[in-house]
Amino acid sequence: MKAVQFDFSVARYAYTRIASRFNPREYYGPRSCVSLRDVPEPRLRGPEWLVLRSVFSGFCGSDLGAITLHDSPTTQPFTSFPFTFGHENASVVEEVGNSVSGVSVGQRVTIIPPLGCRVRGIETMCAPCRSGYNAICENFAEGNLSPGTNTGFCRDTGGGWSKYYLAHESQIVKIPESLTNEQACMIENLCSALYPVMRAMPEEGENVLVMGCGPIGLGVIASIRALGVKCHITAIEPAELNRCKAKEKGADEVIDPSSESIYERASKIAGGKIYKPILEKHILMGGFDRIFDCVGSTDTINLSFRLAGGGATMVLIGIQVTGKIDWTPVWMKGLRVIGNLGYGEVVYEGERTHCFNVAIDLILKGKIDMTDLITHRFSIEEYKRAVEVNTNKAKYGAIKTIFDLTDQ
Ligand SMILES: [Zn+2]
Ligand SMILES: [Zn+2]
């Protein structure tokens, strides 16, 4: 079968780093780390495993980060090569291991991607896994599976950017009859936004700022509205299409940083006063109560800190390798900074459950739907085109792109 894979070698990495500066197409050229390969079909790893057939698989910012070599080298020990991409999946069960119960061949499923202690056969689970937040497992390079934080970044499991891949029974989430495959394929992406919102839930009447309106930022806005929190939401986003979507998802104000002063609009909205240090950027005193940074760049982190009000909460969701961060506003304003990766269990309607189940419930109740963000579909043979579109989203009018494997 064919699979879109990432294979690291120092030579390929070094070549792509240099050549891509002159021609971005080198990111997916013949000497890059990404290619469409013929690989053997996967076999069950044990009685607790399943073989899944991929129907749709999303293209995530984290996939693009790997392809364009923008991932922090810090994450390298927690990945194994070559791996097949694809962690945002709508799939069908193809084969079931002997000890798997409650799921049968032909059932539509999605997967919870993290490859934590349970999946790795580690009996004494780490503290995060015990607490129900396996996306930050401490054993991503341990146990009986090759290193990998998630399905789609581990050489042993494969991923949704190929016809078949493997999943552990603990990763399986059944798709209810009334959900479409498109909705199922967007659940993982939605939970990357819904979970941090539930961890740092806005309070009624707060001034909330969402930095960046890609699929995650839009998911944050939609999640806050789906959960019925009556707070004021401001979004900052340069792309016009995404600004329109931010309004549709429930933002009260949307700031275009390319045509207006962020500080002036922010001070009008959140009521703070702008100060102008002689040698540094502006700073707002009395700004937003809660900020979700869904970009995570040097600029957005610095800006978030400077726009925050006293005692505000800043949630860092975006992942980028950053340059110099000025931490002064953090201590000066007594900010609370929360880092977030992925999702885990939450308390919802009085019960403890995984965030994926909350997302499904909200979709079933008609309170949230992210399928309108799907702007492009590709076959895996068109993966180069998919990378091109994802590296130039504004130019192609793209928000979320997915691979359609129904013809594989
Ligand atoms: Zn993702
Ligand atoms: Zn763990």
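Biologist: Which residues does the domain assignment give to domain 1 and which to domain 2?

Modeller: Domain 1 takes 2-113 + 150-186 + 370-404, and domain 2 takes 191-339. Such bounds come from an automatic or database domain assignment. Before we go on, this is a predicted model, where local features need pLDDT of at least 70 and side-chain atom pairs count only at pLDDT 80 or more, while totals for chains, interfaces and linings use all residues. Residues are numbered from 1 along each chain as its sequence is written, chains are lettered from A and ligands numbered from 1 in the order in which they are written, and side-chain values use heavy atoms, with hydrogens and water left out.

Biologist: Thanks! How do I read a sheet, and what is the strand order in the open sheet of six strands?

Modeller: Start with the pieces: helices (H or I, at least four residues) and strands (E, at least two) are DSSP runs, numbered from the N terminus. Two strands pair if DSSP finds at least two bridges between them. Here the six strands follow the order β11-β10-β9-β14-β15-β16, and the pairing is parallel. Because β11 (253-255) and β16 (336-339) each have a single partner strand, one side of each is left without a neighbour in the sheet. From one strand to the next, the twist averages 20°. For angles, axes are lines fitted to C-alpha atoms, for helices over the stretch in contact, and the values run from 0 to 180 degrees between N-to-C directions.

Biologist: How many bridges join β9 to β14?

Modeller: Four bridges join β9 (residues 207-211) to β14 (residues 288-293). Look for M211, which stands opposite D293 in β14.

Biologist: And which strands does helix α8 touch?

Modeller: Contact means heavy atoms within 4.5 Å. Helix α8 (residues 262-270) packs on the sheet and touches β9, β10 (232-236), β11 and β14, with its direction at about 165° to that of β11. Helix α9 (residues 298-307) also packs on this sheet, touching β9, β10, β14, β15 (308-316) and β16; the direction of α9 makes about 150° with that of β15.

Biologist: What is the strand order in the open sheet of three strands?

Modeller: That order is β2-β1-β4, with antiparallel pairing. At the edges are β2 (34-38) and β4, each pairing on one side only. Two bridges join β1 (residues 2-6) to β4, and F6 stands opposite F83 in β4.

Biologist: How much area do domain 1 and domain 2 bury between them?

Modeller: Buried area is the accessible area (1.4 Å probe) that two parts lose on being put together, summed over both. For these domains it is about 860 Å², 72% of it on carbon and sulfur atoms. On the domain 1 side, M370, D372 and I399 lose the most area to domain 2, together 52% of what that side buries. In residues, 12 of domain 1 are in contact with 11 of domain 2. The domain centres, taken over C-alpha atoms, are separated by 30 Å.

Biologist: How many salt bridges are there between domain 1 and domain 2?

Modeller: A salt bridge is a side-chain nitrogen of Lys or Arg within 4 Å of a carboxyl oxygen of Asp or Glu. The count between the domains is two. K245 forms a salt bridge with D372, with the closest N and O atoms 3.1 Å apart. The whole structure has 21 salt bridges. Another pair is D7 with R37, at 3.0 Å between the closest N and O atoms. D7 lies in the loop between β1 and α1 (10-22) and R37 in strand β2, so this pair ties together parts that are 30 residues apart in sequence.

Biologist: Where is L69 found, and what is its phi?

Modeller: Most residues other than glycine have a negative phi, and most peptide bonds are trans. L69, in the loop between α2 and β4, has a positive phi near 55°. P82 lies in the loop between α2 (61-67) and β4 (83-84), and the peptide bond from F81 to P82 is cis, with omega near -10°.
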